[in-house]
Amino acid sequence: MSHVTNDHPCRQSGGRAILWMTPRSISTAFTKCMSWIPGCEVWMEPFGLSQIGLRELKKFGVTDVPMNYTGHKKEFKIAAEALESYLPGATFFPDRLPFETIKKELEESTSKYVFVKDDSYAMSTDQRRQFIPKGYQHAFIIRHPLLVFKSMRKAWFAQYQKAGKLKFNETDESSFDFRLYAKEQGVDTLFQQHQELWKYIRDHVNPSPFVIDSSALLTNPAPVLQEFCEYVGFPYSDSLLHWSGSSEVAKSWKWPCDKVCNIEAFLDVAIYSTHFTPPAAVPAWEEVTDDVRELAEKAMPYYEDMLQH
């Protein structure tokens, strides 16, 4: 298959980048780091949050998921309300959720620099991939599956407990079976979808998408950040190695909702971070719970494939 280089209209004066990620991959800390680039507009998971809401439409009998707002206000209102039920305290705006709207706003941004952090699972089909915005460089961040799913299990239990969505027999974290939720929400195939989007970008957009190993980033952030900034057209300085511990910067991020930065179960550590800290040790397989081990074993081939790059 022939490779097509992505159009990058603002390369001379600035840069635009999308960091595709799986949850719990150090991507929020990376996002906070990028927030300190002067003139950088930061978007927080616009496609990913939209996809979560649209997935809920199936429960209401909507099988043809809409991608645009015109004629589908009712469906996007349902999607917004579904997102609010999972993320108490946040108010989602239906008109910000359509993929078509997100693509248009990203392409029409007039900011000198634009950084987008988003979920690769949001682009798991050709129907959705047609809305990948033009003019952006693409990067992928990866983390060992044991660390990802161990962290996800802990965060999801806390968030589902807060939202009152635990199953009747789950009285504490020890009785929480993350496999059930992972399958329901489609995150049991996170790493497969991550790898497939990486291959799609490589074959259709840019033959050499940038891949960040989170362990390398955390161990020695300066060269990784410098290479990333050079790749996407952002200015680099050593000032990016440390930033304010305040959560105020998150209020400047563009969300499809209000008050998401208050979701502490998912963002508490990263949102108050001040720098990249040394990576956590990968646990032994026998040290993790059965649900984490099963999900990680399934993910390893996709992770190892991307790790080579």
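The model is predicted, so to speak of local features a pLDDT of at least 70 is needed, side-chain atom pairs count only at pLDDT 80 or more, and totals for chains, interfaces and linings use all residues. Residues are numbered from 1 along each chain as its sequence is written, and side-chain values use heavy atoms, leaving out hydrogens and water.

**Overall fold**
- The protein chain holds twelve helices and seven strands, taken as DSSP runs (helices H or I, at least four residues; strands E, at least two) numbered from the N terminus.
- Along the principal axes, the C-alpha atoms fill a box of roughly 55 × 50 × 45 Å.
- Of the 309 residues, 53% count as buried, where buried means under 20% relative accessible area, exposed over 50%, and partly exposed in between (1.4 Å probe, protein chains only).

**Salt bridges**
- The whole structure has 16 salt bridges, each a side-chain nitrogen of Lys or Arg within 4 Å of a carboxyl oxygen of Asp or Glu.
- One of them pairs E173 with R153, with the closest N and O atoms 3.8 Å apart.
- E173 sits in the loop between helix 6 (145-163) and helix 7 (178-185) and R153 in helix 6, so this pair ties together parts 20 residues apart in sequence.
- R153 is buried at 8% relative accessible area, while E173 is partly exposed at 29%.
- D177 and R179 meet at 3.0 Å, N to O; D177 is partly exposed at 22%.
- E248 and K251 also form a salt bridge (3.0 Å, N to O), and K251 is exposed at 58%.
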